[in-house]
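Dear colleague,

Please find below the structure that I promised to pass on to you. My notes on what was found in it follow directly after.

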Amino acid sequence: MSGYAVAHLDEIDELDDGREPYRPVRHHFGITAFGITAWTARDAGDRIINEHDESDDAQEELYLVLRGRAAFELDGARQDAPAGTLVLVRPGVKRTAFAEEPGTTIIVVGGVPGKAYEPGGWELWAPIRPLYEAGEYAEAADRARELVESAAQYPELFYNLACCESLAGRTTDAVEHLRQAIDLSDRVRSYAKEDSDFDRIRDEPAFKELVGG
């Protein structure tokens, strides 16, 4: 196995979660030390980076404008960012970015200070999320099940699959996939204790055994 890998950004398949197309750079290379994703705007005026502040997970994010020109809004302050600009944003700062030119591309690198990075697989789940949000739980579960067959290393995929299966009434499958998520990352056990997606199966003995409730 080689100790290095090379790829042009355009060689990485695009995914779409209903906002802007993105390329899962971290997943493509199998990086486990930090998160890195490339977002691209089709047209000028498109929002590239959704508005968020990372207050939940305390993640630091570094943005590199690779192509085109972007306009960042950082706690309401505007920052012009032509190609080559680096923007570091710490947790708690509300941030978003818009394309000033078609094809503007931003590379985002993130991690939590003092904490080992745990890849969850959100990049692969994101295109399925609109089905979940629309209440199409069975279809979301079917698509997520295909994902875990090819990307079985990600606890978030198994966890979200279990959520969809619970909501779709697939109790046995939900419990089994939650078990697999916990085996990959014990931290999801605490999420399941409070997650309303599991209310339908919360009284099942197998579920109680898993979450300790």
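Helices and strands are taken here as DSSP runs, with at least four residues (H or I) for a helix and at least two (E) for a strand, and they are numbered from the N terminus. On that basis the protein has eight helices and ten strands. Its radius of gyration is 19 Å, close to the 17 Å that the globule rule gives for 213 residues, so the protein is as compact as a globular protein of that length. The C-alpha trace spans about 55 × 45 × 35 Å along its principal axes.

Please bear in mind that this is a predicted model. The mean pLDDT of the protein is 94, and 99% of its residues reach 70 or more. Confidence is lowest in strand β1 (residues 15-16), where the mean is 90, and highest in strand β6 (residues 69-74), where it is 98.

Of the 213 residues, 41% count as buried. The accessible surface comes to about 11100 Å², and carbon and sulfur atoms account for 47% of that area. Among contacts between residues at least 6 apart in sequence, 62% join residues at least 24 apart.

Turning to the strands, six of them form an open sheet with antiparallel pairing, in the order β1-β2-β3-β10-β5-β8. Its edge strands are β1 and β8 (86-89), each of which pairs on one side only.

Strand β2 (residues 21-23) and β3 are antiparallel and share two bridges, with tyrosine 22 standing opposite tryptophan 39 in β3. Towards β10, six bridges join the two strands, which again run antiparallel; here alanine 38 stands opposite isoleucine 107 in β10. Strand β10 (residues 105-111) also pairs with strand β5 (residues 60-67) in the antiparallel sense, over seven bridges, and glutamate 60 stands opposite glycine 111 in β10.

How many of the six residues of β3 are buried? The count is six of six, and the strand is mostly covered. Both of its faces are covered: Gly35, Thr37 and Trp39 are buried on one side, and Ile36, Ala38 and Thr40 on the other.

Leaving out residues up to four places away in sequence, threonine 40 touches Glu20, Pro21, Arg23, Ile48, Gly103, Thr104 and Thr105. With threonine 105 there is also a polar contact of 3.0 Å between the two side chains. By contrast, alanine 58 is 18 residues from threonine 40 along the chain, and their C-alpha atoms are separated by 25 Å.

A second residue, serine 166, has its place in helix α5 (residues 155-167). Is serine 166 buried or exposed? At 1% relative accessibility, serine 166 counts as buried. Neighbours within four places in sequence aside, serine 166 is in contact with Ala174, Asp197, Phe198, Arg200 and Ile201.

With kind regards

Conventions: Residues numbered from 1 in each chain as written. Predicted model: local features only at pLDDT ≥ 70, side-chain atom pairs only at ≥ 80, totals over all residues. Heavy atoms only, no water. pLDDT = per-residue confidence, 0-100. Contact = heavy atoms within 4.5 Å. Polar contact = N/O pair within 3.5 Å; in protein donor to acceptor, adjacent residues only side chain to side chain. Pairing = 2+ DSSP bridges. Rg over C-alpha atoms; globule rule 2.2 N^0.38 Å. Buried < 20%, exposed > 50% of the residue type's maximum accessible area, 1.4 Å probe, protein only. Areas by Shrake-Rupley, 256 points an atom, 1.4 Å probe, with all protein chains shown as cover.
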